[in-house]
Amino acid sequence: MTRYIKKALIIGITGQDGSYLADFLIEKGYQVHGIIRRSSSFNTGRIEHIYQDPHEEDKKLVLHYGDLSDGSSLHNIIKNVSPDEVYNLGAQSHVRVSFDIPEYTVDVDALGTLRLLNAVKDSGLPIRFYQAGSSEMFGKVLETPQKETTPFNPQSPYACAKVFSHFICKNYRDSYKMFIANGILFNHESPRRGKTFVTKKVTEGLVNILLGKQEILYLGNLDSKRDWGYAKDYVEAMWFMLQQDMPDDYVIATGETHSVRELVEYTASLLGYEIEWKGNGLEEIGFDKKSGRELIAIDSKYYRPAEVDLLLGDATKAKEKLGWETKTKFKDLILLMVQEEFKEKGLDFNEYIK
Ligand code: NAP
Ligand code: G4F
């Protein structure tokens, strides 16, 4: 029998963060339980490397079917697993899509949190709870850089739902003396990032263009700015939050901000292109100065009804209280993602780019 140090339950284990957190906790000696959704196609690609045959006994990774929209499944899983720590990373996490499916987004991202909190509360167990809050909650920012005391000003159904979750977590912490930590995480990316988020779309798209697999890359707003960090660094911060004596809320960020335009220019430069821009608004294009080839065009469908123009985080509190700070800055992150694009295609970046 393996002796696990603790049991953790991850909602959203099949996502970018959930998969890195599972790796991290297993490495620490946890038994990790994860909630997965019923899907008509496989949704476990990101955890394939740690997946174990369900017939094996005493597994380090145990998966359960459940859904944040189904309170009874959450109650049953919490009761059956009795976890020491619960990480709520489950969400409809795409901001643009939240404008298309607002009710569903709010049901999962706001009410889903409440359902999960009730399941934890009703279990009566001394569970430590992590809530995946977002820098999107700062929205049209009222202060720069943004820190724990900066007021929220959400600009999307997604962000409104996350604000609800943030405050209901605080309310349950105060009302029922539960150990609940709110992370306020700025954008974090990785090779495991969903393909419709801008860093993955740009790194994958430009590598595909270089390899002749794609003609052009369509994007939306090039001028919004984000504080982009590395997901693998950020899941460690989640764990640190649950190891403190007292529960609290923490901003997790790199302290650097870059525009989507800079993201495109830097990624392109790694691939030997030099981007120049021509035109305005929907007519703007990005082309390679040396060859004249058009690489980037704008498609209005990627614009949002309301945009968050600038995010820049101040993670001083996390550094002082958790001893956490980012290890990976923007340029290292983008290089790492580009290198991985080549690796996934069986190619070596350094060889190819020589
Ligand atoms: P992600 O890759 O989109 O993963 C989301 C996870 O939630 C997936 O496992 C997904 O399952 C699951 N999920 C979706 N709907 C669900 C439902 N109804 N019930 C149960 N699970 C459901 O997101 P991520 O980037 O890892 O982010 C993790 C969490 O952090 C999310 O809550 C996100 O909103 C928040 N966050 C992310 C960032 C960031 O920059 N990445 C920043 C701040 C906050 P399927 O695989 O089946 O779709
Ligand atoms: O990569 P994005 O879709 O990320 P966004 O909207 O900032 O949200 C991500 O980070 C949040 C934390 O702040 C999380 F809470 C959330 O779950 C998610 O992980 O877009 C980044 C920026 C936006 O300003 C967007 O308008 O890139 C701009 N953008 C420009 N062209 C594009 C595109 N975004 C996407 N997804 N696709 C484009 O073609």
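A backbone N or O atom of Leu 68 lies 2.9 Å from a nitrogen atom of ligand 1. That is one example of a polar contact, a pair of N or O atoms within 3.5 Å; within protein, one must be able to donate a hydrogen and the other to accept it, and residues adjacent in sequence count only if both atoms are side-chain atoms. Before we go on, please keep in mind that this is a predicted model, in which local features need pLDDT of at least 70 and side-chain atom pairs count only at pLDDT 80 or more, while totals for chains, interfaces and linings use all residues. Residues are numbered from 1 along each chain as its sequence is written, chains are lettered from A and ligands numbered from 1 in the order in which they are written, and side-chain values use heavy atoms, leaving out hydrogens and water.

| Residue and atom | Ligand atom | Distance |
|---|---|---|
| Asp 17, backbone N or O | ligand 1, oxygen | 2.8 Å |
| His 188, backbone N or O | ligand 1, oxygen | 2.9 Å |
| Ser 135, polar side-chain atom | ligand 2, oxygen | 2.6 Å |
| Asn 187, polar side-chain atom | ligand 2, oxygen | 2.7 Å |
| Thr 196, backbone N or O | ligand 2, nitrogen | 2.8 Å |

How much of ligand 2 does the protein cover? On its own, ligand 2 has 710 Å² of accessible area, and the protein covers 96% of this. Such areas come from the Shrake-Rupley method with a 1.4 Å probe; for residues, only the protein chains shown count as cover.

**The shells around the ligands**

Around ligand 1 there are 25 residues, and Thr 14, Arg 37, Asp 67, Ser 93 and Tyr 158 come nearest. To be included, a residue needs a heavy atom within 4 Å of the ligand. By class, this shell has nine nonpolar, eleven polar and five charged residues. Here Ala, Val, Leu, Ile, Met, Phe, Trp, Tyr, Cys and Pro count as nonpolar, Asp, Glu, Lys and Arg as charged, and the others, Gly among them, as polar. Strand 5 gives the largest share of the shell around ligand 1, three residues.

Ligand 2 has 23 residues around it, of which Ser 134, Ser 135, Tyr 158, Arg 304 and Glu 307 come nearest. Its shell has eight nonpolar, nine polar and six charged residues.

Where do the residues around ligand 2 come from? At least three come from each of domain 1 (7-190 + 227-256) and domain 2 (198-224 + 259-309 + 329-353). These bounds come from an automatic or database domain assignment. The centres of the two domains, taken over C-alpha atoms, are separated by 30 Å. The contact between them (heavy atoms within 4.5 Å) takes 15 residues from domain 1 and 19 residues from domain 2.

Most residues other than glycine have a negative phi, and most peptide bonds are trans. Ser 82, though not a glycine, has a positive phi of about 50 degrees. Lys 177 is not a glycine either, and its phi is positive at about 55 degrees. Is Lys 177 buried or exposed? Lys 177 counts as exposed because its relative accessibility is 69%, whereas Ser 82 is partly exposed at 32%. Buried means under 20% relative accessible area, exposed over 50%, and partly exposed in between (1.4 Å probe, protein chains only).

Finally, a cis peptide bond, with omega about -5 degrees, joins Thr 144 and Pro 145.

Terms used: Helix = DSSP H or I, 4+ residues; strand = E, 2+ residues; numbered from the N terminus.
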